[in-house]
Amino acid sequence: MPREVEISIIEREFIQNALQEGIRRDGREFDAFRPLELNFGDEYGVADVQLGKTRVIVRISVDVVAPPPERKFDGVFQIVTEFSPMASPAFEVGRPTDAEVILSRVLEKAIRRSNALDTESLCIIAGLKCFALRADVHIVDHDGGLIDASCIAVMAALQHFRRPDVIVEGEKATVLSTRERDPIPLSILHQPLSVTFSYYEEGNLFLVDADLAEEQVRQGEIIITMNRHGEICQVNKYGGAPVEPLDLLNLNNVALQKVKDISKFIQQKLDEDAKKRDAGGLMAELSAENAR
Amino acid sequence: MPVTIRAPNLPTPQDALQRADASDEDMSDDDLPTAASGTSIVTPGETITSDPQWMRGHGTYVPPSTTTIVSTVAGHLHKTNKLLSVQALRARYSPEIGDLVVGRIVSVGTKKWSVDIAAPMLASLPLSAINLPGGILRRRTAVDELNIRTFFSEGDLLVAEVQSLHQDNTASLHTRSLKYGKLRNGLFTSLSGAGGGVLSRRGGVVRSKRQTFTLNTAAGEVDVVLGVNGYIFISAHAAKTGSGTADGKDVGITRLEEAVSETLYSSQNDDMTPAIMGEITRVSTLIRGLAAAGRRVDEDVIVKVYEGAVELEAEEKSLGIKGGEKGVGAVGVVEAVLERLELGG
Amino acid sequence: MTTAGKIVNNEIHLQSIHHQQTQPHQLHPPEHSDGEPETKKQEMPLDTSTYSLALLRLDGRRWNELRRIHAQINTQAAADGSSYLEMGNTKVLCTVTGPAEGRQAGQRGAKDNEAKVEVEIGFAGFSGLERRKRKSDKRTLEMQHTLSTAYSSLLLTHLYPHSTITLTLHILSQDGSMLAACINASTLALIDAGIPMSDYLVACTAASSATTSDSDNSDPLLDLNNLEEQELPFLTVGTLGRSDKVSVLICESRVRMERMESMLAVGIDGCKRMREILDGVVKEYGKRFS
């Protein structure tokens, strides 16, 4: 099995010593994200997030299926993560690594379990038909901070996505194509976003958004997912060096600030995208005028 | 929950048991070469001292930027001059040079065997570290390499000595003495977690002068090999042609006789009488009982307990008492025997 | 508690909100208010209605009470270390093998100068309310990962280079606080195995009795059982023995961040008591060797 190449002791010491002096490898502040870029695809529900060198693409797709019998009133929503060998030679298809399991678990808990998406709105006819929404998360380039980037990408894609409208007549449901009627946005109840803190120096020094090298040197991580209203959706600290509880509480405040910033950023990008699309719009298409 | 009411026990043996325990405790405390601090144990995370004059030994650590010594295992505290160490109640055997160990072959390589000696890592036994048959000390040849399985193959038991330790604490063994080599004609017993540690412990096998000895039983002589790693082998006494280990003297390698070398790597058991098999199992059960009762396992104790157990059985037979009255299993028997010994002297 | 078959029509529906797919799907206790409309509230306060009256929980405990804890050490003769732990009706059996040579000789620990900690968690078929085969799903994998990373940094693994320490946990009965019980059982078993660690790693769960609707009237609750876990936002906190330092913190439910503080405080307090209890078990066991 290919394994991620270990970082050398010299590099390790260099990063640690620099951190003690208050300097990060790339000159960022301790609580700064790497430059975040978000692009939407031509189609609805495609989000491409770049966080420094890390790049994640999420695509949302929809299908109509029969709902599982134990949850008749709900639609289906699943998040599928895939680590392709394209991102890092350490990834192998078909054999989930620990990191992959953790990523999909965290996304599951952060987005699905916290009810970010109102799955009831995906129901077409109770017990018979519902929309099955699927978010495919593709890690295209890996340079640390996968969880944060994936979470941003999934939330942005969900907000960008439009599902086709349906007409229900008794037992019969007709799915209308996007030509016939404007597709409708999903009902998003809140926007959970993750912030991963890496800590060093026996839990005395915290970094936001560590890159791959910093991740390899860290003594542990704390993943905090919350929405901009200050509701924690999940906190994960899987072992690692112990930290003071007060620090943990302080991290919540830092996370809240970051989440607010990122939320604003996503919203701004969404607005820009909407404006771009609206410029054309159905009316423009219908008009007889052309560029000629 | 079902409540069962047991018949009241006779008061005398019960009291005696307690008394025996109490007096034994005192005795074992006197036996200790180092002054142990009381009878209570320390547990992980417990601060032993914050006085910087002490040095930390095994089983302790000093948290960064402090001078306090904290225990890392549950066990007894030992002081050796200014050195503080904690001996875990139970731990894997950690090999040391010169240890006599009993091991089992796990895998066979081209020029060496991997041997399970209950240590964190498998030990290795190089082909060059065994006595090759042929009677004289000779170089190992390519033929020996090809025939490696004729000496030891997977699952074989052997007794060996730790010759050297590698940096990561893996041991290299050797069997270059008549005392060592393949084990047969007997029974293997493992006392888990009872292997010798860095210090003398209260229970289990400890390093002592004589790890192998011969026990005289009614059915014949029985050899006992106490591996420091908690592996024990009990076998019918092999009547050696030469001057064997019975008189405690090593035989020079040059004087190895042809007859011995032929049987050296035999995988066939000799014929044994059922009576001696019975005695072998008895000894093995008693040793396990000793370990379970938290007693030290060495020659003296085993001889004493064995004699006591035989006596006890004879008595019970003559009185017509069914066995198992005093306690259940090996521990019960051992405790009963020890109790009698305390009463007797 | 009576679970008279009062499964209201909307009950199934409510359930589907609360339950995540991976969780065993179970019968709920009857609703106190039968006509509860199909609200989309995150937490349905099943027990809080009685809780606010008597300040007693479903099983009669006060807010800061632990359940009955019964622990044994050295239960399996064949293992290097073993333990059995009950926290209320959650029952866990744990054995430690090692430090020993890894399963594949070629594939050694991640870092060559340290021992590797492997964790295997198995569920008994009869452990839940419904008999079902639980394959190793992601939730179990996550628990294994948590234990493995927590113990890798807790144990002094550098003393056993190249070797593997295997923790095998078997869950005999599930009634909430699973991860906490697994951590506590593992700590005992590792102590029994004589593997050096810097301190006890102990864990327990804490919840906030408040729902999103009534924020003033809230108490933190300690050591949850299964029903409480279904209904209330909770977290599992694992600390290093006597210090307040948090080694493991897992919160899987939506909760206001202001609540975190009280939950954490109660959880840490519970951990301290847990340490005393476990320490008592170890000391009691040690008396045999005195």
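Visitor: Which residue is the bridge partner of Ile105(B) in β8(B)?
Guide: This is a predicted model, in which local features need pLDDT of at least 70, side-chain atom pairs count only at pLDDT 80 or more, and totals for chains, interfaces and linings use all residues. Residues are numbered from 1 along each chain as its sequence is written, while chains are lettered from A and ligands numbered from 1 in the order in which they are written. Strands are DSSP runs of E with at least two residues, helices are runs of H or I with at least four, and both are numbered from the N terminus. In β8(B), Ile105(B) has as its bridge partner Val115(B).

Visitor: Over how many bridges do β7(B) and β8(B) pair?
Guide: Two strands count as paired if DSSP finds at least two bridges between them. A hairpin of three residues links β7(B) to β8(B). Strand β7 (residues 100-108) of chain B and strand β8 (residues 112-116) of chain B are antiparallel, and their bridges number four.

Visitor: Which residue in the turn between β8(B) and β9(B) has a positive phi?
Guide: β8(B) and strand β9 (residues 123-126) of chain B run antiparallel, joined by four bridges. Across this pair, Lys112(B) stands opposite Pro126(B). The two strands form a hairpin with six residues between them, and the positive phi, about 65°, belongs to Ala118(B).

Visitor: What is the strand order in the open sheet of three strands in chain B?
Guide: The edge strands, each pairing on one side only, are β1 (47-49) and β3 (60-61) of chain B. β3(B) pairs with strand β4 (residues 69-71) of chain B over two bridges in the antiparallel sense, with Tyr61(B) partnered by Val70(B). The pairing in the sheet is antiparallel, and the order is β1-β4-β3.

Visitor: At roughly what angle do the axes of α4(C) and α6(C) cross?
Guide: Axes are lines fitted to C-alpha atoms, for helices over the stretch in contact, and angles run from 0 to 180 degrees between N-to-C directions. The axes of helix α4 (residues 178-192) of chain C and helix α6 (residues 257-286) of chain C come within 11 Å, and they cross at roughly 30°.

Visitor: Which residues of α6(C) make the contact with α4(C)?
Guide: Residues are in contact here if their C-beta atoms, placed from the backbone, lie within 7 Å. From α4(C) come Asn184(C), Thr187(C), Leu188(C) and Ile191(C), and from α6(C) come Met274(C), Leu278(C), Val281(C) and Val282(C).

Terms used. Two residues are in contact if their C-beta atoms, placed from the backbone, lie within 7 Å.
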